[in-house]
Amino acid sequence: MHSADINFSVVHINHNINKDSEKWAKFCKSICEKLNIPIVVQNTTITNEKKIGIEAAAREQRYFFFNRLGCDVIVLAHHLNDNIENFFIRLLRGSGIDGLSSMDEETIIKKVIYLRPLINVKKEL
């Protein structure tokens, strides 16, 4: 087995949307501390000034923050339940066939590779 020197850290973006948002941020910090993994918790509040919906406004804020990190690869924690939810949100909004194809395992945005290794794993595991 080969090993590689990979520098990584965890980023948790707390949009403060859910009543348990602060608990999730603390949970992520405690896990990372136990595993000795650097973590950045980015607290933000969704303003939705563009009237694009809370999820879309949150996504814009995440990608804005990710762009400032200067990373080549970002691994996201999206799972199968997120993908199914995304499908139904798009269906209810009247998306066509192309719009219904939800999240991919790999996406490249502005030369940054976004990976979703858990996209086919149910949240319940």
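## The nonpolar core

A nonpolar core is a set of buried Ala, Val, Leu, Ile, Met, Phe, Trp, Tyr and Cys residues joined through side-chain atoms within 4.5 Å. Buried here means under 20% relative accessible area, with exposed meaning over 50% and partly exposed lying in between (1.4 Å probe, protein chains only). The model is predicted: local features need pLDDT of at least 70, side-chain atom pairs count only at pLDDT 80 or more, and totals for chains, interfaces and linings use all residues. Residues are numbered from 1 along each chain as its sequence is written, and side-chain values use heavy atoms, with hydrogens and water left out.

Eight residues make up the largest nonpolar core: Ile-13, Tyr-63, Phe-65, Phe-66, Ile-74, Leu-76, Val-112 and Tyr-114. Two elements, helix H2 (54-69) and strand S5 (112-115), each give two or more residues to this core. The greatest contribution is that of H2, with three residues. Helices (H or I, at least four residues) and strands (E, at least two) are DSSP runs, numbered from the N terminus. In soluble globular proteins, nonpolar side chains tend to be buried together.

## Aromatic pairs around Tyr-63

Four aromatic pairs are present in the structure. The rings of Tyr-63 and Phe-66 have centres 5.9 Å apart and planes at 90°, and the pair is therefore edge-to-face. Rings of Phe, Tyr and Trp (its six-membered ring) pair if their centres lie within 6.5 Å; planes under 30 degrees apart count as stacked, over 60 as edge-to-face and the rest as tilted. Both Tyr-63 and Phe-66 belong to helix H2, where they are three residues apart, about one turn of the helix. Tyr-63 and Phe-66 are both buried.

Tyr-63 also forms an edge-to-face aromatic pair with Tyr-114, at 5.0 Å centre to centre and 70° between the planes. This pair links distant parts of the chain, since Tyr-63 lies in helix H2 and Tyr-114 in strand S5, 51 residues apart. Tyr-114 is buried, as is Tyr-63. Together, Tyr-63, Phe-66 and Tyr-114 form one aromatic cluster.

Contact means heavy atoms within 4.5 Å. Not counting residues up to four places away in sequence, Tyr-63 touches Leu-76, Ile-109, Tyr-114 and Arg-116.

## Ala-58 in helix H2

Ala-58 is another residue of helix H2. With a relative accessible area of 2%, Ala-58 is buried. Leaving aside neighbours within four places in sequence, Ala-58 is in contact with His-15, Ile-17 and Ile-46. The C-alpha atoms of Ala-58 and Thr-44 are separated by 9.0 Å, and the two residues are 14 residues apart along the chain.
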